[in-house]
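User: I am new to this structure and would like a close look at the backbone in one part of it. Please take me through the residues there that stand out.

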Amino acid sequence: MADKTYTPPKVWTWDKASGGRFANINRPIAGPTHDKELPVGKHPLQLYSLGTPNGVKVTVMLEELLAAGHSDAEYDAWLINIGEGDQFGSGYVDLNPNSKIPVMFDTTTKTRVFESGSILLYLAEKFGAFLPTDHNKRTETLNWLFWQMGSAPYLGGGFGHFYAYAPEKFEYPINRFAMEVKRQLDVLDRNLAEREFMAGDEYTIADMAIWPWYGALVKGLVYEAGEFLQVHEYTNVIRWTDQLAARTPVQRGRMVNRTFGDPASQLRERHDASDFETRTQDKLEPKGSS
């Protein structure tokens, strides 16, 4: 077996040809690459996002708020194509200097909000919803919200990258991150063995944060890794995942800014509630159309 041990140089330099699925948008500096203003719609909340797990967290929350009667949570959801570098446009960087999705602008308070966990917390406090007011329950909800923010990078940037996206397969990083992801699933499974929802008996922003990442994982929908990780073992996570997936606002939120999968499940931009019936991709680009 050839020796592939890597010896780091004294000074790291950027190798643009490093490969990997996202190599074309990764770079070691921040800031905009081009001038591009963001569009602004008619609703109080402007969301700029993509239907990845981090984006789905926020659109689920917005759809849950609307379903609960919070009409001021109406929003425009604009598509940010990260594969084409939309997140590096000057207008986007003005709202999110970290150039990641999602970012939200509240036109009523002139407030930018970036990082998905921050957006969930902002909306929960703004509308007084999905975040308990009881001190202990609120704290437990935030415990799990921040658990997700700290844990998911090991799932996506760690396991997902080395197992599914890296240009070469290496045993050590795949084993390292597979072990961590299974540990995380066990953490969730043990917690949900004793509770209906992540923070107790109430559905909260903690559930909305965790579901898009770990719900998809435990159903074998990401990285084609279900068998590899033996996700069927985590029966309590599966029960919770299915329970959330049955909610209409969750189903709608999962469709927004989605650019893959069944065209009927893709609502690439959302500017009105009626868009779910009239502007999904199967309606805009029916089969056989030129």
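Analyst: Helices (H or I, at least four residues) and strands (E, at least two) are DSSP runs, numbered from the N terminus. This is a predicted model, in which local features need pLDDT of at least 70, side-chain atom pairs count only at pLDDT 80 or more, and totals for chains, interfaces and linings use all residues. Residues are numbered from 1 along each chain as its sequence is written, and side-chain values use heavy atoms, with hydrogens and water left out.

Ser99 sits in the loop between α2 and β3. Most residues other than glycine have a negative phi, and most peptide bonds are trans. Ser99 is not a glycine, yet its phi is positive, near 55 degrees. The residue is also buried, its relative accessible area being 7%; buried means under 20% relative accessible area, exposed over 50%, and partly exposed in between (1.4 Å probe, protein chains only).

The loop between α2 (90-95) and β3 (103-106) also holds Pro102. The peptide bond that leads from Ile101 to Pro102 is cis, and its omega is near 0 degrees.

Another positive phi belongs to Glu115, at about 80 degrees, and Glu115 is not a glycine. Its place is the loop between β4 (111-114) and α3 (116-127). Glu115 is partly exposed, with a relative accessible area of 34%.

To sum up the α2–β3 loop, it contains Ser99 and Pro102. Ser99 has the positive phi, and the cis bond runs from Ile101 to Pro102.
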